[in-house]
Amino acid sequence: MNLLRHIAISLLLLLLHSMHATAQNKVTIPIETAQNALVLQTDQDKHLSIIYFGKKLAQAAEYDLVSTQNRQRDGNAGIYNSAYTPAGSWSISEPALQVTHADGNKSTDLIYVNHQTTREGDNVAVTSIQLKDPVYATEVTLFYKTYARENVVEQWSVIKSTEKGEITLNKYASANLYFPGKDFYLTHYNGTWAREMNPEEEQLTAGIRVLDSKLGTRANLFQPPSFQLSFDKPATETEGKVLLGTLAWSGNFRMDFEVDSYHNLRLIAGINNYASEYPLASGKDFKTPSFIYTFSENGKGEASRNLHNWARKYRILDGEGSRLTLLNNWEATYFDFNEEKLSGLFKDGKKLGVDLFLLDDGWFANKYPRNDDRAGLGDWQENIKKLPHGIGYLVKEAKNAGIKFGIWVEPEMVNPKSELYEKHPDWVIRQPQRPEHYMRNQLPLDLSNPEVQNFVFGILDKLFTGNSDIAYIKWDCNAITFNAHSAYLEKSKQKQSQLYVDYVKGLYKVLEKLRAKYPKVPMMLCSGGGGRVDYEALKYFTEFWPSDNTDPLERVFMQWEYSYFFPALAQSAHVTDWGKQPLKFRTDVAMMGKLGYDIVVSHLNEKDLQFARQSVATYNAIKEVVWHGDLYRLVDPKKNDFASLLFATKNRDRAIVFSYLVSNRNGAGSDIAVRLQGLDAGKKYKVKELNLYPDSKSPVKEDQVYSGDFLMTAGFNPVVNARRGSVILEVLEVK
Ligand code: DGJ
């Protein structure tokens with residue numbers, strides 16, 4: 001009996017010892033921000049897995065203990081939570097990486113080799129983890145760039161091969177994440193032209209839910225690459241665990257959300273591999289786009305402020321700078337203008353008090369004049385009938401009127417009815433053996449072709465070199481990619497399956513070159529509205545056009561949804577004649593973004609004109625808070641009769657509160673006070689109503705002093721109702 005006990009104890013000790021040794025051989029890699037952690041760990045076979053995601057632990061050493069608490073052990077353990085799931089070997093899960101090797105073999109495995117972390121200043125660090133296939137000369141480096149204070153992680157991977165021949169990347173994700181949990185709620189967006197950003201929230205169930213685009217050029221027409229993911233229960237603005245994620249890629253994307261058999265969630269995000277097997281020559285590497293995310297345990301408000309802070313400081317061109325207010329002529333004239341008309345509009349812009357006049361579509365092409373959207377796209381010479389003295393003359397005229405000048409281009413596209421198409425049919429994306437298929441009577445040019453890249457760069461370069469005072473560009477892109485086929489790839493003996501990817505790479509090459517030469521000129525990212533809005537493009541653009549739909553009622557909802565991902569200074573919002581709302585409502589809605597106008601100023605009656613001028617002045621007085629302040633969404637228009645949102649300065653001495661009625665039901669309005677956020681409970685404030693329409697009176701008592709505590713706990717009623725459809729309040733510290 002004693003002997004048996006002795007043997008049993010010895011065996012137990014041996015087992016414990018070997019377990020300890022294994023644990024010691026494990027490499028644990030915490031990727032931490034100020035609040036959160038993603039923790040990776042190797043197993044006994046040196047496979048790298050995700051063992052933790054969520055709130056950061058106080059003691060990093062304890063991450064090692066996380067997996068000891070995990071009871072989900074069966075044949076699938078270590079498969080679902082792979083940090084970069086390879087295909088064709090031990091893992092049977094949806095892969096992050098699928099490769100066809102030079103010899104035709106389709107199996108891949110990835111073994112941990114080493115990792116390192118380099119710091120870039122006190123806030124940013126990049127951890128890179130090298131993984132290698134033990135059989136084939138293929139390796140992957142996973143990159144995790146952390147922005148500590150903003151709690152943002154930017155993640156991408158680099159795939160490299162030194163195999164003897166060319167390999168093919170069949171799937172090549174940017175990020176592979178794993179979230180242990182019970183219930184997951186995904187908010188994704190659908191839309192189409194003039195109906196962007198319609199949210200839908202669903203509980204994820206077993207299996208794979210895919211968000212994707214296969215549209216090529218105007219990739220986000222039906223769906224943007226941005227989503228919200230709540231853990232356990234749907235998060236609110238102020239409560240709950242939520243991840244905001246977005247892929248920085250201006251082309252086809254794919255995100256797989258897989259609830260696995262443990263009911264945990266796998267996420268694989270990257271370029272859509274649809275029709276995009278990508279060849280990789282020996283010695284070359286492929287860098288995937290970045291997947292960017294932030295996570296908060298305190299609801300969507302904090303998460304989106306994280307993203308805004310990050311985007312302004314690290315991503316959007318001139319994100320911490322200022323923006324130009326403008327008057328655009330698109331809806332005022334459409335294609336019907338001439339020099340005289342435009343000169344009148346310059347003066348109107350000056351009368352309004354905006355910084356810039358933006359000349360939209362229709363200024364170019366002669367053989368096939370651009371008088372509607374059926375002809376001329378691609379022929380970037382001034383139309384001599386409309387503009388006999390050229391752009392230079394207009395720029396000077398604008399200057400004389402005391403306003404800056406900006407111009408619209410759509411350089412990636414061509415109408416078949418154009419000289420460009422006649423001269424260079426091989427520059428056009430089209431299937432040579434099939435009938436052409438158009439969106440808005442046009443086709444994309446083939447940006448995988450370096451000649452086309454030069455042509456596109458040349459359009460902008462010529463505009464700037466000829467007219468150095470051009471102060472703004474609106475870059476449009478109105479067609480999706482049908483009949484994806486490249487004559488250039490054919491001729492240069494490359495693969496057609498490179499087209500979707502090489503198009504986007506070509507676009508970035510052009511933008512890179514443009515920014516090297518013209519680093520500062522503000523540029524609006526437009527794609528027939530919000531058909532292309534992502535954080536890679538926004539490296540080169542200062543703002544984006546959320547939608548052609550400028551009905552302010554719709555914009556309240558749309559701008560609200562965009563605001564989860566993008567800060568207000570990047571959202572262009574114009575006052576137009578869309579919708580049935582009065583000018584005051586239309587203006588107040590545009591003022592919560594980057595204000596512009598697209599109206600016929602001369603059609604305004606005296607009071608409206610007075611109000612419009614006053615609004616530009618008011619905007620100038622509050623724009624710093626809107627552009628660089630912290631955003632708090634207070635009352636959700638999807639669930640209430642009105643919307644309310646607040647921008648507060650970082651030192652909490654001033655806030656601007658926007659409220660908009662969105663229901664016309666009898667008695668709809670703000671019956672009870674709105675609890676403000678983002679103030680200092682200990683500070684004293686006065687509240688004043690801004691931007692009143694001429695001759696109207698405000699019920700707000702300007703002399704009353706309130707504590708921040710009162711405003712945030714008892715709240716303040718903006719008195720929104722049918723007679724006061726929109727209300728702007730300024731909350732100012734009393735010192
Ligand atoms: C689509 C854009 O979204 C509009 O603002 C306008 O620029 C037109 N294109 C011009 O064709």
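Me: A polar contact is a pair of N or O atoms within 3.5 Å; within protein, one must be able to donate a hydrogen and the other to accept it, and residues adjacent in sequence count only if both atoms are side-chain atoms. With which side chain does the side chain of Asp548 make a polar contact?

Reply: With the side chain of Trp193, at 3.0 Å. Some ground rules come next. This is a predicted model, where local features need pLDDT of at least 70 and side-chain atom pairs count only at pLDDT 80 or more, while totals for chains, interfaces and linings use all residues. Residues are numbered from 1 along each chain as its sequence is written, and side-chain values use heavy atoms, with hydrogens and water left out.

Me: Where is Asp548 placed?

Reply: Helices (H or I, at least four residues) and strands (E, at least two) are DSSP runs, numbered from the N terminus. Asp548 sits in the loop between β27 (543-544) and α11 (552-562).

Me: Is Asp548 buried or exposed?

Reply: Buried means under 20% relative accessible area, exposed means over 50%, and partly exposed is in between (1.4 Å probe, protein chains only). Asp548 has 19%, so it counts as buried.

Me: Which residues is Asp548 in contact with, leaving aside its neighbours within four places in sequence?

Reply: A contact is heavy atoms within 4.5 Å. With those neighbours set aside, Asp548 has contacts with Trp193, Glu196, Glu331, Gly528, Gly529 and Trp578.

Me: What does the UniProt annotation "active site" cover?

Reply: Such annotations may be inferred rather than shown by experiment. Here the unreviewed UniProt entry gives "active site" for Asp476 and Asp548. They are spread over 73 residues of sequence but cluster in space, with a largest C-alpha distance of 11.6 Å.

Me: Where is Asp476 found, and is it buried or exposed?

Reply: Its loop runs between β25 (470-475) and α9 (487-491). At a relative accessible area of 6%, Asp476 is buried.

Me: Which residues surround Asp476 in contact, neighbours within four places in sequence left aside?

Reply: On that basis, the contacts of Asp476 are Trp408, Val409, Glu410, Pro411, Glu412, Cys526, Ser527 and Gly528. The side chains of Asp476 and Trp408 also make a polar contact, at 2.9 Å.

Me: On to the ligand. Which of the residues around it come nearest?

Reply: A residue is near a molecule if one of its heavy atoms lies within 4 Å of it. There are 13 residues around the ligand, and Asp360, Asp361, Lys474, Asp476 and Asp548 come nearest.

Me: How do the residues of the shell divide into nonpolar, polar and charged?

Reply: Asp, Glu, Lys and Arg count as charged; Ala, Val, Leu, Ile, Met, Phe, Trp, Tyr, Cys and Pro as nonpolar; the others, Gly among them, as polar. The ligand's shell has four nonpolar, three polar and six charged residues.

Me: What lies 2.7 Å from a nitrogen atom of the ligand?

Reply: A polar side-chain atom of Asp476. For ligand oxygen atoms, a polar side-chain atom of Lys474 lies 2.7 Å from one, and a polar side-chain atom of Trp408 lies 3.1 Å from one. Of the 300 Å² of accessible area that the ligand has on its own, the protein covers 98%.

Me: How many residues of helix α12 are buried?

Reply: Eight of eight, across residues 583-590. The buried set includes charged residues such as Lys584, Arg586 and Asp588, along with Leu583 and Phe585.

Me: Where is Tyr518 placed, and which side chain is its polar partner?

Reply: Tyr518 lies in the loop between α10 and β26 (523-525). Its side chain makes a polar contact with that of Asp461, at 2.4 Å. Its relative accessible area is 14%, so Tyr518 is buried. Beyond neighbours within four places in sequence, Tyr518 contacts Asp461, Phe464 and Thr465. Gln496 is 22 residues away along the chain, and the two C-alpha atoms are separated by 33 Å.

Conventions: Accessible areas come from the Shrake-Rupley method with a 1.4 Å probe; for residues, only the protein chains shown count as cover.
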